[in-house]
Amino acid sequence: MEILVCVKRVPDAAENEIAVEGGALRGDDLVYSVNEWDNYAVEEAIQIVEREGGSVTVVTVGDGESEEVLRREMAMGANQGLLLSDPAFAGADGLGLATVLAAAVRRGAYDLVLTGAQADDGAAQVGGMLAAILDWPFASLVNSIEAQGGLLRVGREIEGGAQEVSEIDLPCVLSIQTGINEPRYVGLRGIRKVASVELPVLDAAALGVAPAPARVRRIDYFVPPAGAGADMLTGSTAELAGQLVELLKAKGGLK
Amino acid sequence: MVPFSPATATLAGLPARIPFLLIPLAGLAVFAWIIRRRLEPLLRAAPDPRRGQTGARLRLVLKIWLAQWRHPRYLLAGVLHIILFFGFLVLGARSTQLVFLGFIDGFTLPGFGHAYDVVKDYAATATFAAVAILAVRRAAFRPARYAVPADMGKDHTPEALLILGMILTLLLSESLFEGSLLAATGGAASPLTLAWAFRHALASTPAPALGHLNLAAYAIHDLTFFLFLCFLPLGKHFHVITSLFNVFWMRVETGNVKPVRHGVGDAQLDEVKSFGVKKFEDFTWKHMLDFYSCADCGRCTDRCPANFVKRPLSPRFISIKARDYAFAHYPLLGEAVEGKPLVGSIFSEDEIWSCTTCGACEEECPLGIEYLDKIVDLRRGMVDEGLVPQSMQKPLGALEKRGNPWGKLEKKRADWAADAGVAVKQVDAGDTAPTLYFVDSISSYDDRMQKIAQASARILAKAEVDFVVLGKEEKDSGHDVRRFGEEMLFQSLKDHNTEGIRASQATRIVTNDPHALNALKHDYPGIPPVQHMSELIAAGLESGKLRMRAPADGRTYTYHDPCYLGRHNGVYDPPRQALDAIPGLKRVEMEGNCRDRSFCCGGGGLMLFYEPHEEQRMGVVRVEMARKAGADVIVTACPYCLTNIEDAIKVAGLEGKMEAIDLCELVDGHLEND
């Protein structure tokens with residue numbers, strides 16, 4: 001199975017102290033990593049290929065710095081990387097990104113396209129739009145994949161913990177939920193091994209797309225002021241635990 | 001005159017010396033074959049030169065092997081083993097002599113006269129008594145240490161009893177041989193020995209019957225001896241043969257970690273195709289010899305804190321499962337068979353991650369078996385395959401990007417210094433000084449542990465030490481990054497810090513963190529000498545630069561030895577000297593669990609992020625030990641120990657009743673002001 005996984009370079013939420021200035025994230029001191037969901041999508045693609053054969057290609061839309069996320073995913077086990085880069089792609093909204101990605105999908109012969117369910121700094125829209133542009137079936141928030149001949153059997157967790165299983169025709173687009181697998185660790189050694197692999201770069205002309213100007217634009221970005229004080233529980237450890245259980249039950253966290 | 005002798009006897013009309021020559025020849029041939037087969041995996045193993053340091057190695061042989069130094073740590077079993085060990089040494093010569101007596105009449109080993117005969121008769125008798133006690137202990141009392149859990153293979157009691165039975169047979173047949181001879185010649189035996197007992201019991205037996213008995217005893221001894229010799233390499237009694245070699249080549253330095261591959265420098269690591277131990281043949285020959293040498297005494301596991309809290313790790317079974325693997329895949333007859341990767345077959349991921357690398361197992365092993373390098377090598381293999389628990393991937397990623405496991409900002413690394421109350425010079429501000437204070441991540445960033453850094457800075461100032469810190473130029477020492485198998489990340493942290501250390505122009509380094517101490521001392525080549533704060537404090541008290549005033553409270557204190565300060569670096573006394581210098585301070589020891597038998601707090605570095613399967617926390621066990629010793633305050637000298645013990649006090653519900661404090665904080669609070 002030929003699989004394309006769309007990945008994104010995002011500011012690492014866990015390893016940054018977020019500072020906001022003038023309606024945007026302050027850039028200095030930021031470190032970046034692969035969007036967490038995308039790691040699960042790549043791991044899943046690698047596991048499918050290990051079982052079914054084929055190859056995994058990772059693709060991203062971005063500038064030269066996005067190369068590092070492609071290499072990291074290749075160190076994980078993706079066979080090829082593809083960088084879609086053009087000044088015209090800068091500031092694209094979800095539809096713009098989906099348009100660019102769709103052009104890349106059409107250039108290949110993919111059976112399956114995976115995306116993360118959402119990006120740390122995104123809005124969970126590219127996967128669905130990409131499927132619509134390609135006129136491929138789409139399943140979102142997928143937490144299990146099983147190949148069944150020309151079909152896939154995909155699972156999704158429903159509110160309340162129930163599991164729904166659907167059949168989906170190939171080719172298709174799936175957005176992958178965290179927890180579908182345990183992504184393997186990528187160390188410095190793995191990254192160094194792929195450091196000199198040639199990465200093809202495609203621009204707007206090569207892809208034959210000219211994304212329309214963004215029709216969704218961010219106008220503000222701020223950290224909300226802290227709300228009024230939290231409820232502080234008091235008492236012995238046993239009493240605290242009892243109160244906590246009651247609260248969790250009352251709020252529906254425990255049944 | 002000798003009335004009869006095996007070399008002159010006849011058996012079924014033939015001279016007995018023919019079978020008595022054939023038995024040793026056949027026995028030695030089979031033995032040589034078995035040893036050759038046992039060497040097979042060692043010849044395919046990873047290299048491990050272990051050259052040089054001959055003086056140190058001979059000292060280890062004298063102490064650990066010949067003087068059986070570690071045995072009395074388990075008193076009854078230890079003393080019995082010492083009797084057995086010396087019995088074997090003495091009687092080995094006698095057995096050799098007996099073998100030759102079978103075909104050379106009147107043979108004696110050169111230099112072995114009457115005095116030897118007296119010694120060997122008493123040795124045989126003492127060994128007989130020791131073996132009898134050991135057999136009863138094995139069969140009837142069954143110490144828990146020897147139990148084999150169902151998932152770890154078969155029980156070894158039958159093998160142990162069989163061996164003890166063979167030894168008893170050897171001792172009795174030798175004594176009967178001797179006794180029957182003395183009864184016939186009327187010679188005197190050493191009183192109260194087995195030979196003496198046989199000699200008197202047989203005093204009135206007619207000479208021909210004595211001759212038959214003597215020949216039978218000889219034959220039984222001869223057969224049993226070679227059966228015993230060939231049986232040794234088939235199980236846990238291989239150590240009788242391998243122990244001398246295993247101890248000679250045992251770990252000489254403590255605290256260090258083996259390189260990824262011996263003979264490959266740090267700069268050439270990129271050329272190594274596969275990291276760590278994945279298949280059995282990735283172990284070094286010495287590690288395989290360790291597997292062969294394990295006597296299954298269970299002391300490692302008995303002292304293993306991970307095993308104590310029911311994590312899925314038993315160092316004993318690391319050795320035994322690997323030995324079983326070797327025996328199964330390198331059979332005595334037939335070709336060697338390739339096996340599956342070790343992790344996922346004989347070892348589990350959780351088993352290998354469960355180790356805190358505290359070193360209690362290696363400290364205890366009477367045979368000098370190594371565990372830490374094997375654990376680290378197995379982890380290197382898992383890291384190379386991407387098999388790292390999710391909970392540790394985040395901190396590893398943060399260490400790569402930010403140089404600390406929490407992903408805190410580099411520029412905030414020396415923020416603790418603002419509240420130290422003394423000026424702290426920083427390399428990143430262009431300062432230099434003769435002494436570098438290496439703070440490391442946890443004391444730099446953790447709110448609670450910053451207090452140790454601040455106390456350390458004040459002590460340094462009071463001791464008139466001109467010191468500097470690396471500030472944002474410091475990254476994690478990588479101590480536990482390396483011990484968790486991420487060698488390349490460790491290398492990059494080490495290279496970065498080494499540059500900073502050079503830039504500081506320091507001629508010595510101090511640290512409050514034993515993990516940093518251990519890394520800088522053993523993993524960072526070519527940097528200035530490193531000292532722990534406790535050593536600097538002890539030296540300051542000695543020289544009079546530091547002076548203590550009276551303590552404020554009458555509570556009872558105990559000192560918890562951090563693994564990487566005590567066991568791995570031998571710093572046991574300076575922290576105690578510092579505590580005892582506080583006038584009137586009442587200090588108790590956690591007897592049986594202090595110094596080199598200290599019980600790990602739960603582990604530091606990346607172990608803080610690992611989510612083990614365990615029934616209780618090591619820290620809680622440690623707090624209980626301190627409480628039993630009568631202590632109100634646990635003093636430690638490691639920020640990770642403090643983290644784990646403070647948490648454990650809360651978990652144990654002893655908050656308000658017990659307290660944990662770092663040595664630097666305590667000393668800082670008691671220093672006399674000028």
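The legends below describe several views of a predicted model with chains A and B.

View 1. The model as a whole scores ipTM 0.87 and pTM 0.94, and chain B averages a pLDDT of 95, with 100% of its residues scoring at least 70. Chain B holds 26 helices and eleven strands, and its C-alpha trace spans about 100 × 60 × 45 Å along its principal axes. Chain A has seven helices and 13 strands, and its C-alpha trace spans about 65 × 50 × 40 Å along its own principal axes. Of the 674 residues in chain B, 49% are buried, while in chain A buried residues make up 38% of 255. When contacts in chain B between residues at least 6 apart in sequence are considered, 77% of them join residues at least 24 apart; in chain A, residues 24 or more positions apart account for 70% of the contacts with a separation of 6 or more.

**View 2. The contact between chain A and chain B.** Chain A contributes 16 residues to this contact, and chain B contributes 22 residues. On the side of chain A that touches chain B, the largest share, three residues, comes from helix α5 of chain A, which covers residues 188-193. Sorted by class, that side of chain A consists of five nonpolar, three polar and eight charged residues.

**View 3. The nine-stranded sheet of chain A.** Nine strands of chain A form an open sheet with mixed pairing, and their order is β11-β10-β9-β12-β8-β1-β6-β7-β13. Strands β11 (162-169) and β13 (201-202) of chain A stand at the edges, and each has a single partner strand, so one side of each is left without a neighbour in the sheet.

**View 4. The surroundings of Val10(A).** Val10(A) is found in strand β2 of chain A, which covers residues 9-11. Because 20 C-beta neighbours lie inside 10 Å, Val10(A) counts as buried. With residues up to four places away in sequence left out, Val10(A) touches Tyr32(A), Ser33(A), Asn35(A), Ala119(A), Asp120(A) and Asp121(A). Leu174(A) stands 164 residues from Val10(A) along the chain, and the C-alpha atoms of these two residues are separated by 20 Å.

**View 5. The domains of chain B.** The domain assignment of chain B gives domain 1 as 10-43 + 74-234, domain 2 as 274-384, domain 3 as 404-542 and domain 4 as 545-670. Taken over C-alpha atoms, the centres of domain 1 of chain B and domain 4 of chain B are separated by 50 Å.

**View 6. The four-stranded sheet of chain B.** Four strands of chain B make an open sheet in the order β9-β8-β10-β11, and their pairing is parallel. The edge strands are β9 (586-588) and β11 (659-662) of chain B, each of which pairs on one side only. Direction ignored, neighbouring strands of this sheet are turned by 35 degrees against each other on average. Strand β8 of chain B (residues 556-559) and strand β10 of chain B (residues 633-636) run parallel and are joined by three bridges; Tyr559(B) stands opposite Val635(B) in β10(B).

**View 7. Two helices lying across strands β10 and β11 of chain B.** Helix α25 of chain B (residues 639-651) lies across β10 and β11 of chain B and runs at about 170 degrees to β11(B). Helix α26 of chain B (residues 663-670) likewise lies across β10 and β11 of chain B, but runs at about 80 degrees to β11(B).

Definitions and conventions:
Residues numbered from 1 in each chain as written. Chains lettered and ligands numbered in written order. Predicted model: local features only at pLDDT ≥ 70, side-chain atom pairs only at ≥ 80, totals over all residues. pLDDT = per-residue confidence, 0-100. Contact = placed C-beta atoms within 7 Å. Nonpolar A, V, L, I, M, F, W, Y, C, P; charged D, E, K, R; others polar. Domains from an automatic or database assignment. Pairing = 2+ DSSP bridges. Axes fitted to C-alpha atoms, helices over the stretch in contact; angles between N-to-C directions. Buried ≥ 20, exposed ≤ 12 C-beta atoms within 10 Å, placed from the backbone.
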